[in-house]
Amino acid sequence: MIQKILQYLEKDEEIILSEKDIKFNVVYETIWYLSFLLFILIFNLLFSDLIGDGFTPNIFYKIADILIIPLFIYMIFVMIKSFNTKMYLTNKSIIAAVFGKIQKYPFEKVCQITATKGNWLSLTVKNGEKTEKILSKINAKIFIEKFLSIYPDYKEEKRKTSPFVIIFCIIFTAVLFLSVTQADITDKKDTRNLVNEYSAAIHEKECYEWLSEIFSNFLDNLELQKSDKPLKVIVGFVADENSALQKADIIVYSDNQTFDDKAIKAVEKSFPPDTKMPETLKQYAPIKMRINVVHNGTDNEDLMKNYTIWFEIFGPKQTKPYAQLYLK
């Protein structure tokens with residue numbers, strides 16, 4: 001590349017500074033790579049959500065995706081272009097090699113030269129009647145310092161943004177904001193409807209009896225334990241559409257391993273193979289549930305009186321229980 005650059009130099013012109021003369025911060029380069037990968041990932045998620053069922057069938061989210069995707073394409077292009085831009089400072093001009101194409105700008109053509117927060121060089125130059133913005137990963141602070149020492153007559157030229165661009169940005173932002181807002185309103189409405197439907201479903205007789213049977217089985221299989229101090233364990237578990245236990249985990253541990261193990265074993269025995277999930281609930285499967293077992297730490301002869309146990313049924317898009325069954 002340097003040999004190609006030399007062909008554009010005048011007889012009394014020499015290169016003062018190039019990227020090879022500057023130790024570029026490795027941290028910034030690492031951030032660039034990570035940012036680029038993140039942009040690609042987000043773009044892929046947006047695009048897959050747009051062309052397929054994606055993560056949401058909400059039409060307003062898809063409209064927002066349509067508006068956002070061009071921005072991501074532009075941002076990715078800017079990143080790729082900047083990483084493939086080499087900057088050279090001579091005693092007479094600034095030379096930019098963009099994707100290998102050489103462009104030479106005399107100092108008087110420089111409108112703005114600034115350093116970004118990441119210390120990349122942002123250069124705005126006149127190109128005929130138009131202006132062109134160039135972004136390079138070269139160390140901007142060193143580049144600008146050298147540039148000003150060579151060309152002390154530099155004066156920043158403020159460029160006015162086209163009214164058309166301003167109007168377009170306002171309209172674009174307004175449409176994007178309205179789309180996201182409407183999507184959020186629609187999503188909340190759909191969630192409320194789902195909550196109401198699910199809540200009604202689990203209170204239907206057949207479904208309630210199925211849940212009650214699980215709770216009853218747990219109580220029958222729970223091996224009671226004596227303790228002179230309070231204990232509490234919470235077991236979270238999930239049932240699939242075949243009414244089989246999918247997984248069971250301790251959500252809150254007590255200080256007693258035996259107490260925790262007994263609770264887990266009781267949950268595992270609460271799903272007999274002949275128990276079938278009601279058809280009404282299958283559309284919401286897997287069903288998330290939780291058992292809270294509290295030992296009061298008293299020495300009552302009737303151990304069950306020392307226990308407070310309640311069963312919580314959770315649902316889609318919510319963490320709070322939709323229904324609870326108690327044994328006190």
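**Aromatic pairs and selected residues in a predicted model**

Serine 270 is buried, as its relative accessible area is 2% (buried means under 20% relative accessible area, exposed over 50%, and partly exposed in between, with a 1.4 Å probe and protein chains only). The structure is a predicted model, in which local features need pLDDT of at least 70 and side-chain atom pairs count only at pLDDT 80 or more, while totals for chains, interfaces and linings use all residues. Residues are numbered from 1 along each chain as its sequence is written, and side-chain values use heavy atoms, with hydrogens and water left out.

Serine 270 lies in the loop between helix H7 (257–268) and helix H8 (279–282); helices (H or I, at least four residues) and strands (E, at least two) are DSSP runs numbered from the N terminus. The side chain of serine 270 reaches the backbone oxygen of alanine 266 at 2.6 Å.

The structure contains 10 aromatic pairs. Rings of Phe, Tyr and Trp (its six-membered ring) pair if their centres lie within 6.5 Å; planes under 30 degrees apart count as stacked, over 60 as edge-to-face and the rest as tilted. Phenylalanine 215 and phenylalanine 311 are stacked, because their ring centres are 5.5 Å apart and their planes lie at 20°. This pair links distant parts of the chain, with phenylalanine 215 in helix H6 (residues 205–221) and phenylalanine 311 in strand S11 (residues 307–313), 96 residues apart. Both phenylalanine 215 and phenylalanine 311 are buried. Phenylalanine 311 also forms a stacked pair with phenylalanine 237, at 6.1 Å centre to centre and 0° between the planes. Here too distant parts of the chain are linked: phenylalanine 237 belongs to strand S8 (residues 231–239), and 74 residues separate it from phenylalanine 311 in strand S11. Phenylalanine 237 is likewise buried.

One aromatic cluster is formed by Phe107, Phe147, Tyr151 and Tyr154. The C-alpha atoms of phenylalanine 107 and asparagine 91 are 9.2 Å apart in space, with the two residues 16 apart in sequence. Asparagine 91 is located in the loop between strand S2 (85–90) and strand S3 (93–98), and counts as partly exposed at 28% relative accessibility.

A further ring, that of phenylalanine 314, has the charged end of lysine 288 over it, 5.3 Å from the ring centre; a charge sits over a ring if NZ of Lys or CZ of Arg is within 6 Å of the ring centre and within 35 degrees of the ring normal.

Methionine 75 is part of helix H3 (residues 59–83). With 35% relative accessibility, methionine 75 counts as partly exposed.

Terms used
A polar contact is a pair of N or O atoms within 3.5 Å; within protein, one must be able to donate a hydrogen and the other to accept it, and residues adjacent in sequence count only if both atoms are side-chain atoms.
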